[in-house]
Amino acid sequence: MILGILGGGQLGMLLAQAANKIGIETFVYTDSDDSPAINYSQKSLIQSYDDLETLGRFIKECDVITFEFENIPFDTLNYILKDKPVFPSPHINQIIQDRLLEKKFINNLSIKTTDFIDLNKDTKISEEIFPGMLKTRRMGYDGKGQSVVNSKDDLVNIDMNIPYILEKKINLLKEFSIIITRYQDGKVFTYEPIENVHKEQILHTSKIPASITNEMMSTAQKQCEIMANSLNYVGTMCVEYFVDHNEVIYVNEIAPRVHNSGHLTIESYDCSQFESHIRAVCDLPKKEPQKIKNAKMLNIIGEDIKKYRNKSTKENYFFYDYEKKSVKSGRKMGHLTNIT
Ligand code: AIR
């Protein structure tokens with residue numbers, strides 16, 4: 001069984017490591033030579049995602065294909081689907097790649113998101129939406145393509161040729177995420193909620209248990225099942241939530257892939273989010289993830305990685321260096337998990 005992975009970043013790297021553990025070979029297709037996943041996969045190709053000839057070679061050698069980055073072009077996923085199974089299904093990516101379609105999908109299931117407007121040249125903006133977060137509808141991750149706007153004046157220099165949404169900021173109390181895996185026959189397993197702290201719109205720390213009420217937990221878990229079933233999702237996905245000061249929960253966004261907040265599942269569960277994803281997309285025997293330990297994870301961003309390299313790690317700490325060639329500010333370079 002050869003699992004093809006589109007995208008070669010740290011999520012692909014951790015997928016490849018999990019695949020190696022359970023005897024599944026991986027073949028990584030990436031458009032960048034600075035791709036950590038290549039170091040752990042049996043095969044790899046570096047080429048742009050629209051190069052049909054190279055894609056053809058990849059398709060021929062893989063049994064099933066997945067992706068670790070929602071910015072993989074829809075046309076590429078759809079092209080592959082003509083010959084080989086792609087999980088999760090490309091149509092899901094098409095919805096979730098676009099923040100407007102994503103929010104409409106969520107609201108149509110009677111699940112709350114923050115208030116938002118579709119922002120284009122003709123939008124009449126009412127003052128109630130401020131203070132808000134301006135987000136490009138497409139191609140944003142780790143805070144990229146996002147800015148705070150406090151009034152209409154902050155919008156004057158915006159390039160209106162790109163589609164945006166403008167979200168109303170909420171009175172944020174905390175954030176958490178739910179990782180859920182859905183198998184091909186519809187069976188789902190949810191991991192316990194993970195509490196997240198962001199710094200400059202990039203995930204900073206994650207921990208379990210999350211300090212949220214049982215009611216929030218069970219509501220969110222039920223909502224995630226509804227969303228995964230409605231998408232006919234196969235694989236692991238993550239739903240990020242906001243909690244406001246009135247303890248109301250809102251879906252912030254869905255990631256149709258394994259997720260940074262779930263890195264701690266490698267050490268805290270007997271079956272990580274990565275292994276679950278591989279089992280689901282490759283149709284391997286199911287394994288219900290059992291928690292072994294509580295854990296806390298710290299993301300290592302930009303130059304900070306240098307402080308952690310060539311140092312021994314203390315007992316119960318697990319250090320991951322993604323070994324990215326280029327260290328850039330705001331770039332995820334590694335992470336550290338502490339089991340407790
Ligand atoms: N990623 C995917 N969506 C959001 C994130 N952070 C991961 C994937 C992708 C990598 O980040 O693993 O390949 C891209 O990171 P970078 O540092 O190359 O931009």
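How many nonpolar, polar and charged residues are there in the shell around the ligand? Let me start there, and please keep in mind throughout that what we are looking at is a predicted model. Going by class, the shell around the ligand holds four charged and four polar residues, together with three nonpolar ones.

As for which residues these are, the ligand is surrounded by G7, G9, Q10, L11 and G12, then by E68 and F69, by Y141 and D142, and finally by R331 and K332. If you look for the element that gives the largest share of this shell, it is helix 1, residues 10–21, which supplies three residues.

Let me now step back to the chain as a whole, where the domain assignment gives domain 1 as residues 2–86, domain 2 as residues 115–168 and domain 3 as residues 172–339. Between the centres of domain 2 and domain 3, taken over C-alpha atoms, the separation is 27 Å.

I would also like to show you one sheet, which is open, has four strands in the order 5-8-6-7, and is paired in an antiparallel way. At its edges lie strand 5, residues 116–119, and strand 7, residues 146–149, each of which pairs on one side only. On average, and ignoring direction, neighbouring strands of this sheet are turned by 25° against each other.

Within that sheet, let us follow strand 6, residues 132–136, and strand 8, residues 164–168, which run antiparallel and are joined by five bridges.

Definitions and conventions. Residues are numbered from 1 along each chain as its sequence is written. This is a predicted model: local features need pLDDT of at least 70, side-chain atom pairs count only at pLDDT 80 or more; totals for chains, interfaces and linings use all residues. A residue is near a molecule or strand if its C-beta atom, placed from the backbone, lies within 6 Å of it. Helices (H or I, at least four residues) and strands (E, at least two) are DSSP runs, numbered from the N terminus. Ala, Val, Leu, Ile, Met, Phe, Trp, Tyr, Cys and Pro count as nonpolar, Asp, Glu, Lys and Arg as charged, and the others, Gly among them, as polar. Two strands pair if DSSP finds at least two bridges between them. Axes are lines fitted to C-alpha atoms, for helices over the stretch in contact, and angles run from 0 to 180 degrees between N-to-C directions. Domain bounds come from an automatic or database domain assignment.
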